[in-house]
Number of protein chains: 2
Amino acid sequence: MKNVRLKDIAKRLDLTKVSVSKALRDHSDISEETKKRVKEMAQKMGYRPNLVARSLTSKKSQTVGVIVPKIAHSFFSSVIEGIYQAALESEYEVILGVSMEDDKLERKHIESMLDMRVEGLLISVSEKTGSVENFDLVKGMDTQLVFFDRGFTGSDYTYLKVEDRGGARKGVRHMTEQGYEKIAHLSGYLSVEIGKDRRLGYEEAMSAAGLEVDRNAIVEAGFSEDDGYKGFAKLMEQYGKPEAVFCATYPVGLGALQYMKDHDMDPAEIAILAFGSSEFNQYLAHPFICIDQSTFEMGYSAFERLIMEIESEDGVPPELISLQTRILNKEDMV
Amino acid sequence: MKNVRLKDIAKRLDLTKVSVSKALRDHSDISEETKKRVKEMAQKMGYRPNLVARSLTSKKSQTVGVIVPKIAHSFFSSVIEGIYQAALESEYEVILGVSMEDDKLERKHIESMLDMRVEGLLISVSEKTGSVENFDLVKGMDTQLVFFDRGFTGSDYTYLKVEDRGGARKGVRHMTEQGYEKIAHLSGYLSVEIGKDRRLGYEEAMSAAGLEVDRNAIVEAGFSEDDGYKGFAKLMEQYGKPEAVFCATYPVGLGALQYMKDHDMDPAEIAILAFGSSEFNQYLAHPFICIDQSTFEMGYSAFERLIMEIESEDGVPPELISLQTRILNKEDMV
DNA sequence: TCGGAAACAGAAAACGTTTGTGGAAAAAAG
DNA sequence: CTTTTTTCCACAAACGTTTTCTGTTTCCGA
């Protein structure tokens with residue numbers, strides 16, 4: 001009753017394990033009659049195929065690895081949900097690893113996953129990962145690699161990212177169209193690609209609207225809540241109160257909000273436009289206007305793309321895929 | 001350079017694959033000298049052990065499966081983070097499956113995971129899973145099963161849950177001690193264990209404080225945001241405005257809050273006590289008082305426990321483990 | 001100088017599958 | 001009837017490891 005193998009079924013039916021294997025997989029070698037007998041016996045004996053043995057012979061693990069910097073963060077958990085939705089519709093299992101923003105740990109995960117012979121890897125790189133060399137290991141193996149959200153533009157791998165520059169432009173234009181003029185910007189670190197791109201989008205939209213791009217209206221804050229808090233403080237000091245502020249990320253927006261609360265400012269007076277979104281947005285006393293990154297779709301598409309690369313016979317050239325953003329206003333909050 | 005096997009290393013060094021295998025694992029059969037040579041060659045050739053082959057012979061996959069109803073939900077993503085933290089400190093990889101609150105899908109995941117020969121399963125059951133029979137499959141295999149958060153009390157498996165009744169009691173007592181008297185309750189479904197237990201705790205704390213348990217002050221709402229919205233509406237109708245309301249879950253609290261916003265009520269006038277918590281709580285105009293379930297710890301402990309059961313030689317009796325809650329006030333919000 | 005232990009390495013078998021080849025009997029075609 | 005084809009199944013080998021068993025040297029003490 002326990003740990004039934006093909007051999008055990010075979011013995012009971014006076015067949016060989018090979019025939020049983022074939023019968024279970026509906027191979028044409030086997031008669032309908034026999035197939036039926038085999039399947040019934042397998043059921044009765046509680047047979048469960050051993051996928052690790054199968055992987056060994058077939059050289060296919062039907063498994064992909066996913067590595068993210070963190071989980072308890074609405075952006076990633078939503079992307080992951082997209083990944084899992086796509087996985088569900090595929091025949092692959094998913095091994096998830098969390099790098100906790102650490103390149104050494106990221107590397108460790110890659111190694112284990114390669115050793116497990118995953119057929120593909122879906123990675124959003126850690127903050128600390130300096131270069132694409134961290135992934136050279138993959139080259140020696142029959143494993144496809146696809147980056148999502150955070151990756152390397154010039155690499156040999158497909159990379160799905162949001163269209164930062166265009167998204168920022170769209171968001172800021174939305175504000176100018178509403179009549180806002182004194183629009184400040186708490187940017188991300190300019191050393192990071194998305195920080196730079198979002199800022200470029202901001203500048204472009206301001207210029208396009210015929211508004212001056214005031215150096216003092218821009219503060220290089222960072223990406224976290226804490227960065228937002230400090231950045232907003234600096235902004236108040238060097239620029240004064242804006243009508244609206246474009247924040248590089250949702251958490252940065254939260255930090256700014258916190259500053260206002262702590263300093264008895266009325267959040268109603270300053271509109272916040274944030275890159276990113278959160279399902280909690282509607283509960284804020286004054287919800288942000290969000291440049292939504294369609295996180296779920298990113299996960300879903302990234303997974304689909306990876307499988308495509310795995311299953312393609314003769315290699316797919318790597319692509320840089322930019323996903324469109326959309327503006328979430330109060331009205332169309334979920 | 002690609003797909004190097006023990007045999008390949010052996011050939012280059014004029015050894016057998018067995019010796020190479022032993023050398024790499026520091027077996028005492030092999031001289032230090034040879035070990036060094038082997039390791040260097042392995043490194044040079046880019047050897048990566050094949051864990052699926054290893055699993056097959058050792059009958060240990062060093063892998064556990066985790067099944068949760070959903071991911072993009074702060075409760076679960078935080079528990080998962082705890083699980084991953086514990087996994088990191090262990091030698092096991094984690095395969096994650098999402099049941100999307102569906103028992104059929106849950107079952108499908110269990111089957112695949114068993115077929116992959118995971119050594120253990122960590123499950124928070126779906127809403128739809130009626131009985132523990134959904135897990136009978138596990139019995140036939142060498143796989144340990146541990147429930148967390150949602151599980152079955154009378155089963156043959158260890159179950160880690162939060163101490164709902166005591167937590168609710170503690171929370172409500174906290175309110176009565178602050179002087180609140182008209183405390184209403186939006187409960188979860190009473191058919192569900194945690195719904196019933198939290199309500200019992202509420203009633204006990206009210207009685208203990210010498211306050212009347214008013215039937216009209218209790219509405220059986222549910223667990224979601226939507227349930228909270230409707231439940232609060234009903235409460236207003238049948239009971240009127242309370243001084244405080246104890247919500248069965250954090251989302252229920254959000255629903256109630258939304259109702260207030262939609263009906264021009266001042267959220268400041270009604271304190272919300274919620275079972276559960278959220279990292280966004282501090283950004284609400286009037287943060288909830290939370291009965292925190294120490295989600296991270298639950299994930300961490302559940303994983304630890306599972307590994308313990310896997311590695312114990314001669315079976316561990318199943319346990320019902322209750323985790324303590326703690327009250328999060330505005331002051332000690334992170 | 002002998003006996004025995006320690007150090008080192010190889011051979012064979014096993015883990016549970018799948019794939020490929022071969023072959024006997026039955027069925028179809030001539 | 002023979003020949004050919006088809007149907008059905010068995011056998012052997014392979015996937016990349018680890019484990020157990022066996023064997024050869026070397027080294028040491030008596």
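1. Helices (H or I, at least four residues) and strands (E, at least two) are DSSP runs, numbered from the N terminus. Chain A has eleven helices and twelve strands. The radius of gyration of chain A, taken over C-alpha atoms, is 26 Å. That is well over the 20 Å that the globule rule (2.2 Å times the number of residues to the power 0.38) gives for 334 residues, so chain A is more spread out than a compact globule. Its C-alpha trace spans about 85 × 40 × 30 Å along the principal axes.

2. This is a predicted model: local features need pLDDT of at least 70, side-chain atom pairs count only at pLDDT 80 or more, and totals for chains, interfaces and linings use all residues. Residues are numbered from 1 along each chain as its sequence is written, chains are lettered from A in the order in which they are written, and side-chain values use heavy atoms, with hydrogens and water left out.

3. Now the interface. Contact (heavy atoms within 4.5 Å) takes in 54 residues from chain B and 54 residues from chain A. By class, the chain B side has 27 nonpolar (Ala, Val, Leu, Ile, Met, Phe, Trp, Tyr, Cys and Pro), 14 polar (the others, Gly among them) and 13 charged residues (Asp, Glu, Lys and Arg).

4. Two salt bridges link chain B and chain A. Each is a side-chain nitrogen of Lys or Arg within 4 Å of a carboxyl oxygen of Asp or Glu. In one of them, B:Asp115 pairs with A:Arg48, with the closest N and O atoms 2.9 Å apart.
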